[in-house]
Structures are given as structure tokens and as C-alpha cells.
Amino acid sequence: MAQRPVELMDEDKSKHRYSTVALVFMLFIFAAGAVIAALSGGGTPGYLVKWNTSTSIMDSIVNETSDLITIFGELKLQTGTSETILYIENTEPDGDPQIQFGNPTIRTTLGVDDTGDLFEINYGTGLTSDPEFTLSTNTVTIGDAKLSYGEEIVQSPGDTTPSVSETNMIKTYRTSSSITGFDLSTEGQLLFIFCGRQLPSQTIEVIADHGAGMNLAGNADFVCASEGDMLTLIQIDGEWWETARAFQ
């Protein structure tokens, strides 16, 4: 009986070895699919990973580029309850829980800065540099501009330069006063002055004075005529500029 050449026998062994490897790989894929199906209650086409608990489902959709697979190309958090919550927590006293968005040229960060515990958006990596947006309990700051929220502040009796550090709404007091400016203001701040109910024979006014940085339309004083009259100002380059006035 003729014997096969050694070269052919080696080739058959090589083919057999590759076939065995392929079979093992296929069995591994099959087993992995069975495990995923068992955990999730059923396979979902297009998903590589499916993690399921009684309250949350997290899926990572497969994105294929040539021979590369990006596991977390797209992330979905889904529940069937009244709320869907994603927690990002940092338990360090000086920790900054944050999310960073980036491309090859720039990165933008949003999160809670431990300095003052403020929510910030920073055009850069991390929250250590000056943010472009800051949110506190009653103030929104965009760059150097500030808009405060909350209850209106009532002017103190006779105060000619009321403080506006914690508000953008101030109501005049019921006795006479001539307002010439506002203390503790911020560049870019928008300010609404509401006329309160004044006593008879009392004059409440905001004095126009370009030299003092109170730039009112037509250089005309704003004088409260009735409750609800309103003057709107904005601070630019350290000076107040009128944007509107309205009378009831």
C-alpha cells in the first residue's frame, strides 16, 4: 500500500487543527449567547452586552468599523417605572463628580465642583479652571454675567444704593427715596425694579446720571407713578443701561 507524502500529511494535520480551533470558537460564541439570553430573558439582536436587574437595564450597542468593535458606542438606560435615574457620585470630600465630552481637539466638562458645591460647565478638561456656566441655588452665572432667582428683595427705607447681590428683582419701599445706583452688582446682571405701593405725597425715583453710570433712556429719571410700574436695567462695563420701562 502506497504511503502519502509527509508534506500532505502535515497539511492535513494543519487543516484539522484550524477546523478544531474554528469549532471551539463557534462553541464559545454559542455558549456566550446562551448566557446572555439567560441573564436578559431573551437575546436582543444588535446588542453585545445586556445587563439586567429588577430596576434597570443597560445596553451597549455594537458599532463596527472595519475589523474594530467599539463596545460602548451607544449607551441606553431604560426602566419601566415612573423615574429613570443615572447616579454619578463621588464620596471624596474634595471629589468632583463629572462627565466629560470630547473630540480630538477639545474637551468639555460638566459636573459638581467641590469648591462651593456648584454645578458647572467648563470648556476644558475637569472643573479646576474658570467655568463658562455656574448654577447655584438662586444664581445662574454665564461667563461674567449673572442672573439671580428667588423672591424679590424690598428696598430698605431711604436706601439710595440697594444691594442686588442675591437677586435680580427689587421692589421699592413705600416712602420717598432717590436711587442713584446698586451695591454688589455683577457685570452683565439684569435687574428689574418694581414700584411698590407708596404712601401719599411720597416720591420714589431712579436718578438718571451718565457720569455716575446710570444711563437711562433720554437721560430721564424713572419716577414711580403707581404700584407695578417697572424699570429694567442691565449692567455693561460697570454701568447700568436702561432696556425698558413700563407704567400701569
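Is Cys-195 buried or exposed? Cys-195 is buried, because its relative accessible area is 2%, and the cut-off for buried is under 20%. The model behind this value is predicted.

## The chain as a whole

The protein chain has 18 strands and one helix. It holds 248 residues, and 22% of them are buried. The chain exposes about 16,500 Å². Carbon and sulfur atoms supply 59% of that area.

Take the contacts between residues at least 6 apart: 29% of them join residues at least 24 apart.

## The disulfide

A disulfide is a covalent bond between the sulfur atoms of two cysteines. A search of the whole structure finds one. Its partners are Cys-195 and Cys-224, with sulfur atoms 2.0 Å apart. The pair links distant parts of the chain, 29 residues apart. Cys-195 sits in the loop between strand 13 (190–194) and strand 14. Cys-224 sits in the loop between strand 16 (222–223) and strand 17 (230–236).

The link is left-handed, with -80° about the S-S bond. Cys-224 has 6% relative accessibility, so Cys-224 counts as buried. Cys-195 is buried at 2%.

## A look at Ile-207

Ile-207 lies in the loop between strand 14 (204–206) and strand 15 (214–215). Its relative accessibility is 22%, so Ile-207 counts as partly exposed.

Which residues does Ile-207 touch, not counting those up to four places away in sequence? They are Ser-178, Ile-179, Thr-180, Met-214, Leu-216 and Asp-221. Asn-219 is twelve residues from Ile-207 in sequence. In space, their C-alpha atoms are 8.9 Å apart.

Terms used:
Residues are numbered from 1 along each chain as its sequence is written. This is a predicted model: local features need pLDDT of at least 70, side-chain atom pairs count only at pLDDT 80 or more; totals for chains, interfaces and linings use all residues. Side-chain values use heavy atoms; hydrogens and water are left out. Helices (H or I, at least four residues) and strands (E, at least two) are DSSP runs, numbered from the N terminus. Buried means under 20% relative accessible area, exposed over 50%, partly exposed in between (1.4 Å probe, protein chains only). Contact means heavy atoms within 4.5 Å. Accessible areas come from the Shrake-Rupley method with a 1.4 Å probe; for residues, only the protein chains shown count as cover. A disulfide is a pair of cysteine sulfur atoms within 2.5 Å.
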